[in-house]
Amino acid sequence: TVGEKCASLLEDALQLIPSLSNSSTGLRQISKAMQTCEPLKTKNDADRTAFYALGSLATLAMLDYPYAADFVVPLPANPVKT
């Protein structure tokens, strides 16, 4: 299914971060792909970016209600599908 493919692609991408973050070229690739506000400079920057990305995905999954909700932030109904 589309959902399974998307989840697999996200997992694969996040697993690449540790190895890519070992070089300046890899850090630039992560910065570009994740559209960071500032270029990542260290492995710790990359690890933190991955941590925040995972946290955002987990929050969306927990708040994927079939109706609009705004007790954390304003979200439409089914924000994961939207």
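L10 counts as partly exposed because its relative accessibility is 36%; partly exposed covers the range between buried, under 20% relative accessible area, and exposed, over 50%, with a 1.4 Å probe and protein chains only. The model is predicted: local features need pLDDT of at least 70, side-chain atom pairs count only at pLDDT 80 or more, and totals for chains, interfaces and linings use all residues. Residues are numbered from 1 along each chain as its sequence is written, and side-chain values use heavy atoms, with hydrogens and water left out.

L10 sits in helix α1, residues 2-20; helices are DSSP runs of H or I with at least four residues, numbered from the N terminus. Together with L54 and L57, L10 makes a nonpolar surface patch of about 240 Å².

Helix α2, residues 24-34, contains S31. S31 counts as buried because its relative accessibility is 9%. Leaving out residues up to four places away in sequence, S31 touches T36, E38, P39 and L40, where contact means heavy atoms within 4.5 Å. For L40, the backbone nitrogen lies 2.7 Å from a polar atom of the S31 side chain.

P66 belongs to the segment after α3 (43-62). P66 counts as exposed because its relative accessibility is 60%. Again without residues up to four places away in sequence, P66 touches A77 and N78. From P66 to C37 the separation is 29 residues in sequence and 32 Å in space, C-alpha to C-alpha.

Key. Patches are made of residues with over 30% relative accessible area and no salt bridge: like charges are joined within 9 Å, nonpolar side chains (Val, Leu, Ile, Met, Phe, Trp, Tyr) within 5 Å. Accessible areas come from the Shrake-Rupley method with a 1.4 Å probe; for residues, only the protein chains shown count as cover. A salt bridge is a side-chain nitrogen of Lys or Arg within 4 Å of a carboxyl oxygen of Asp or Glu. Helices (H or I, at least four residues) and strands (E, at least two) are DSSP runs, numbered from the N terminus. A polar contact is a pair of N or O atoms within 3.5 Å; within protein, one must be able to donate a hydrogen and the other to accept it, and residues adjacent in sequence count only if both atoms are side-chain atoms.
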